[in-house]
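Thank you all for coming.

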Amino acid sequence: MIKMKKSRAALLLAVMLSAILVLCLSACTLVNDGGAEQEIYFLNFKPEVAEVYEEIAKKYKEETGVTLKVVTAAANTYEQTLKSEIAKSDAPTIFQINGPLGYSAWKDYCDDMSESKIYEYLSDKSLAIKSGDGVYGIPYVVEGYGIIYNEEITDRYFALSDRKTDISSMDEVNSFSELRAVVEDMTSRLSELGIDGVFASTSLKPGDDWRWQTHLANLPVYYEFKDKDVDLTGVNVSKIDFSYGDNYKAIFDLYILNSVTEPGKLGTKLVSDSMSEFALGRCAMVQNGTWAWNDIKGVDGNVVKEEKIKMLPIYMGVEGEEKQGLCIGTENYLAVNSQVSEDKQKMSYDFLDWLFSSETGKKYVTEKLGFSTPFSTFGVNETPADPLAKEVKRYMSEGDTENVGWVFTVFPGTVFKENFGAALLSYVQGKNSFDDVKRIFRESWERESSLLK
Amino acid sequence: MGKHRQGYFPKKYFFVFLLPTLLAFAVSFVIPFILGIYLSFTEFTTVTDGRWVGLQNYISAFSGDSGFLDALLFTVRFTVVSTVTVNVIAFFLALALTRGKKGTNFFRTVFFMPNLIGGIVLGYIWQLIINGVLSYFGVDITYSAEYGFWGLVILTNWQLIGYMMIIYIAGINNIPGEIVEAAKIDGASPFGMLRYITIPTVMPSVTICLFLTLTNSFKMFDQNLALTGGAPGRESSMLALDIYKTFYGRVGEEGVGQAKAVIFFVIVALIALIQLRLTDRNKKDGKKR
């Protein structure tokens, strides 16, 4: 009897243990399923506004009772995060793709948005990502980049009576030769200007080199496409000549030779290093875009005055560039997950509608998120007030300049950009010539294009 | 007696008792592992939508520009160099710190501390230090893959020596006093003591330390990512970083990254098996003596 009892007790114990384990394992999923009815999930691309989305989620829950779960991918890890998140049973219902290439990678997950309100609001329908009759990505923010400069420092230069140039303010700079004259003369007067270099460090650490291998490279490719009349809706441009490579070299050399950091030491510099150099007043200029405002503002001991932050187009000696404006476009397209339940899709569309058309939502967008949106629901005065966004607005409204579109969304993938970035690094370290850089640009473009399906 | 025990725990309940552990093991290890191997034969974007492509991923992994072989070579070179340096230095430190000199405990603590710092932080700290030195020559650690290589070796030494030293100290402290005394009476020279007493008796510690440094260096990732990020190009990426970069590089090449990861696993498993064999033989030898 005793024997029996003992073995039974043991059996019972074991079964209970297993049961507890099974319960533990499934508990989390159960809880999620319970709440899932009224929950949508947005995978955010922009770490700089992660906290704002938390606020928005709270407000949205108050107004509608729907829980908005926001997860933010760390800088430069959006694709990674999306890949792992979307495989889960609790997948993002709203995510973002970075353009035509992003769409080709995620097409199985992109819902057709042509019937949605948010597409209706889009003032220029050609901005959306389309395929056949469907609309699969809708841009939600228009951004611009150029050379950000601190007018306080440039004014200090223009106040010097014995300067070598006859230019008297940054407004007169409208070509590469003038920019170079000013920058080089400034470099010879660093101590009088109280700076360590005219330009912030050209950050070339792998992963932090996107300002050069993507943004700066946009300009030569833009002009080449323009010369060749390339149709940008065709995703895959299989060959490139890099015919404006020498122009690229001109501006790139200007950056690295008049910089806070000497060329050989750029391989470990980060974008955040450059931004803090600018914010701390150690340099006068830095190439970056509207999204950088939070970076500048957020640096401790920041000495740059808000009203003194201005933007200049990136001149590189292309003919007719006097009329060139900033690089304005978007690589942020919202997509709704086609593989989640219809309820969730509907709730997701409702949320986007709320965010971009309700008074509360719009207020968050312009004041807290700081987005200039391409939607007709936003009035003329409903635009962000930060200095960089104002500059973009100024260039957009000035009729006589031609803004440079973002063509880098058709660059053939990450590996191409990495290779180009690595080639630039070797170039600044003096290990290869710029002809090698050009060759790598062409060869890598061709190879990576051929691998795209 | 055997019979008696069987009465208490009949064999048929064996499985029931095993079940909880088995379940946990399956969920957290076996299933992901099998899924991983399966995915290496497919083309996929997310882990649930694989499309069978056979051996294609493995072929791509070894093809010209995938960088896998370069990374493998770099890793092997790094592993050999750092295993030797870490163990030699750790062993002599342990010798020095088992003589009962003043401050022994203080120095043991100091040497052990780096081991408590995370890899990413270590990577950035050493990047600053190394760049600080290299800046006299107007370059930084990304100038050449050789700089990255030696940077990694220094970093690994700094991180692992303390830990290995503790293991060696334990081994040295376990040498029976009688043997040492007997050797001394017989007039053994310090070198003779080291050669014929210390080293043979701490052999078990040596095996453990070799194994730990070998696997630690072979699988290194965060230090590599923080120190050089693979620059210049991908020349200083080790296997783990190369796999990571492949996985997130080209669209549609996740499977190739996965295939590389499977090969990586096979190599690590082989090292572990060989190591186990050697340990086993050492133990048997020890018994015979």
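**A walk through chain A**

At 3% relative accessibility, F242(A) counts as buried, and this residue sits in the loop that runs between α9 and α10 of chain A. Its phi is positive, about 55 degrees, although F242(A) is not a glycine. For those who are new to backbone angles, most residues other than glycine have a negative phi.

The mean pLDDT of chain A is 88, and 92% of its residues reach 70 or more. Over residues 28-36 of chain A, however, the pLDDT is below 50, and beyond near neighbours in sequence this stretch has two contacts in the model. Where pLDDT is low, the predicted coordinates should not be read in detail.

Let us return to the loop between α9 and α10, where D229(A) also lies. D229(A) is not a glycine either, and yet it has a positive phi of about 60 degrees. Is D229(A) buried or exposed? With a relative accessible area of 68%, D229(A) is exposed, whereas F242(A), as I said, is buried.

Now please look at helix α9 itself, residues 210-228, whose axis comes within 8 Å of the axis of helix α16, residues 414-428, and crosses it at roughly 100 degrees. That angle makes α9(A) roughly perpendicular to α16(A). From α9(A), the contact is made by W212(A), Q213(A), T214(A) and A217(A), and from α16(A) by K417(A), E418(A), F420(A), G421(A) and L424(A).

Next comes helix α6, residues 151-158 of chain A, where the buried residues are E151(A), I153(A), T154(A), Y157(A) and F158(A). Viewed down the axis of α6(A), these buried residues fall within an arc of 160 degrees, so they line one face of the helix. What covers the buried residues of α6(A)? The covering elements include the strands β6, β8 and β9, together with the helices α7 and α8, of chain A.

Finally, E359(A) is found in helix α14, residues 359-369 of chain A, and with 59% relative accessibility it counts as exposed. The C-alpha atoms of E359(A) and S191(A) are separated by 50 Å, and the two residues are 168 residues apart along the chain.

How values were computed:
Residues are numbered from 1 along each chain as its sequence is written. Chains are lettered from A and ligands numbered from 1 in the order in which they are written. This is a predicted model: local features need pLDDT of at least 70, side-chain atom pairs count only at pLDDT 80 or more; totals for chains, interfaces and linings use all residues. Side-chain values use heavy atoms; hydrogens and water are left out. Buried means under 20% relative accessible area, exposed over 50%, partly exposed in between (1.4 Å probe, protein chains only). Helices (H or I, at least four residues) and strands (E, at least two) are DSSP runs, numbered from the N terminus. The arc is that of the directions from the helix axis to the C-beta atoms. Contact means heavy atoms within 4.5 Å. Axes are lines fitted to C-alpha atoms, for helices over the stretch in contact, and angles run from 0 to 180 degrees between N-to-C directions. Angles under 35 degrees count as roughly parallel, over 145 as roughly antiparallel, 65 to 115 as roughly perpendicular and the rest as oblique. pLDDT is the predictor's confidence in each residue, from 0 to 100.
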